[in-house]
Amino acid sequence: MPIRPTAAYVDVGALQYNLGVARQLTSDRPGAAAMVLAAVKGDAYGHGAVRCARVLEAAGVDWFGVALVEEGAQLRDAGLTAPVLCLGGVGRYGAEEVVERGLVPVLYDEGDAERLDNAAGRRGVRQRVHLKVDTGMGRLGVALPHWGRFLDRLARFSNLDVEGFMTHFATADATAGSPGFAFTTEQGRRYRESLAKLRAHGYTPRLLHTCNSGGLVQHGALHLDMVRPGLLLYGVPPCEGTPPLKPVLRVTTQVLVARDLPARASVSYNRSFITSRPSRIATLPVGYADGYPRALGNVAQVLVGGRRCPVVGVVCMDLCMVDVTDVEEPVEAGDEVVLLGGQRDQRITVEEIAAWAGTIPYEILCGFSERIPRVGVALPTDVTKLRD
Ligand SMILES: Cc1ncc(COP(=O)(O)O)c(C=O)c1O
């Protein structure tokens with residue numbers, strides 16, 4: 001039983017619902033709908049990888065995507081059996097683990113190919129890989145000018161099976177008609193060109209995939225055999241035109257102490273907030289060590305008593321303060337405070353928090369630290385109410 005009253009509630013029903021939305025988005029593809037790889041890297045974007053993976057596997061997800069070999073091993077340790085794609089690749093030290101744990105790495109480097117081929121050879125097995133070409137993300141993947149040479153040299157690794165072929169989009173969330181949207185189309189063209197070269201080298205990968213959440217919503221022609229949503233599964237729309245999703249994470253705490261301060265009293269370090277009137281100020285047991293960013297001081301809001309209340313003064317490591325003067329019922333220690341999610345008819349979204357902190361929803365979600373316990377819930381009451 002945790003002592004601290006701060007917790008992150010993971011609505012597993014919402015996660016399954018959003019997986020259904022992802023499936024629906026690919027359902028008008030000619031032939032069968034594309035398979036869905038759920039990106040559960042970064043501890044499932046802060047939602048808890050093992051719990052989310054179990055829920056998604058039970059709902060029939062086809063693949064999991066992790067960044068690190070260690071994240072893949074964690075899923076295997078937890079007994080998950082769906083195929084796991086290691087998006088970050090094998091790295092210098094991951095080949096043995098990948099082969100041993102039955103993981104599938106993304107491959108974009110000849111050294112990795114060699115290490116993997118050796119590890120598979122030693123065990124007398126064949127190792128599946130997904131090749132990655134860099135069509136414009138400028139991050140991972142074989143650079144286009146080196147694609148042909150990479151393929152020439154791949155032929156000597158006899159223990160590797162090329163099961164998949166992928167790329168990653170830089171601007172898949174850009175609005176239709178914008179230069180970013182056109183760039184995704186161009187990346188798609190470069191991908192198809194690279195695929196033709198791959199086929200000319202005698203490879204016939206059965207899983208072609210390019211789309212993250214933004215691509216899934218906006219670039220139907222690039223859904224191919226599999227889509228790789230992350231953000232969308234966690235209930236955050238990647239772009240305009242996303243069908244309604246259900247938010248998965250709700251983060252709450254309780255008032256630690258509430259005190260009446262006179263006008264002209266200062267709050268928190270550096271005295272960046274001075275009360276303009278007699279004020280009731282609640283101190284919350286949450287700070288930047290919990291992943292509630294310091295940048296939220298004097299800009300963010302939280303929900304107390306069904307009202308939006310401003311965060312006042314700078315956010316400290318373990319504490320922050322909110323002005324609860326305008327809440328109808330007098331706020332006392334132990335009252336529920338919602339940092340993210342719904343309370344009565346109000347809701348604070350992760351998009352709002354990200355905008356207040358000058359960042360993107362991904363960083364806020366991944367940033368909630370291990371100090372906040374994740375609690376799986378089927379349908380928290382407040383969220384249910386908001387759905388009606
Ligand atoms: C290769 C790859 N595919 C898919 C995703 C999922 O992206 P999103 O959360 O935008 O859907 C990511 C996340 O960054 C990724 O790196």
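Author: One term to begin with: two strands pair if DSSP finds at least two bridges between them. Helices (H or I, at least four residues) and strands (E, at least two) are DSSP runs, numbered from the N terminus. This is a predicted model, where local features need pLDDT of at least 70, side-chain atom pairs count only at pLDDT 80 or more, and totals for chains, interfaces and linings use all residues. Residues are numbered from 1 along each chain as its sequence is written.

Reader: Thanks! In which sense do E5 and E6 pair?
Author: Strand E6 (residues 127-134) pairs with E5 in the parallel sense, over two bridges. Leu 131 in E6 is the bridge partner of Leu 107.

Reader: And what do E5, H6 and E6 make?
Author: With helix H6 (residues 110-123), they form a right-handed β-α-β unit. Right-handed here means that, with the strands pointing away from the viewer, the path from the first strand over the helix to the second runs clockwise.

Reader: What about E4 and E5, parallel or antiparallel?
Author: Strand E4 (residues 84-86) runs parallel to E5, joined by two bridges. Opposite Val 104 of E5 stands Leu 85. The chain gets from E4 to E5 through helix H5 (residues 95-101), in a right-handed β-α-β crossover.

Reader: Are the faces of E5 covered or open?
Author: Both are covered: Val 104 and Val 106 on one side, Pro 105 and Leu 107 on the other, are all buried. A residue is buried if 20 or more other C-beta atoms lie within 10 Å of its own, exposed if 12 or fewer, and partly exposed in between, with C-beta atoms placed from the backbone.

Reader: Nice. Switching to H4, which residues are buried there?
Author: In helix H4 (residues 69-77) they are Val 69, Glu 71, Gly 72 and Leu 75. Seen down the axis of H4, they fall within an arc of 160°, so they line one face of the helix. That arc is taken from the directions from the helix axis to the C-beta atoms. Glu 70 and Asp 77 are exposed on the face turned away from the buried side.

Reader: Now the backbone: where is Arg 264, and what is its phi?
Author: Arg 264 sits in the loop between strand E12 (257-261) and strand E13 (266-267). Its phi is positive, near 65°. Most residues other than glycine have a negative phi.

Reader: Why does Arg 264 count as exposed?
Author: Because Arg 264 has 10 C-beta neighbours inside 10 Å.
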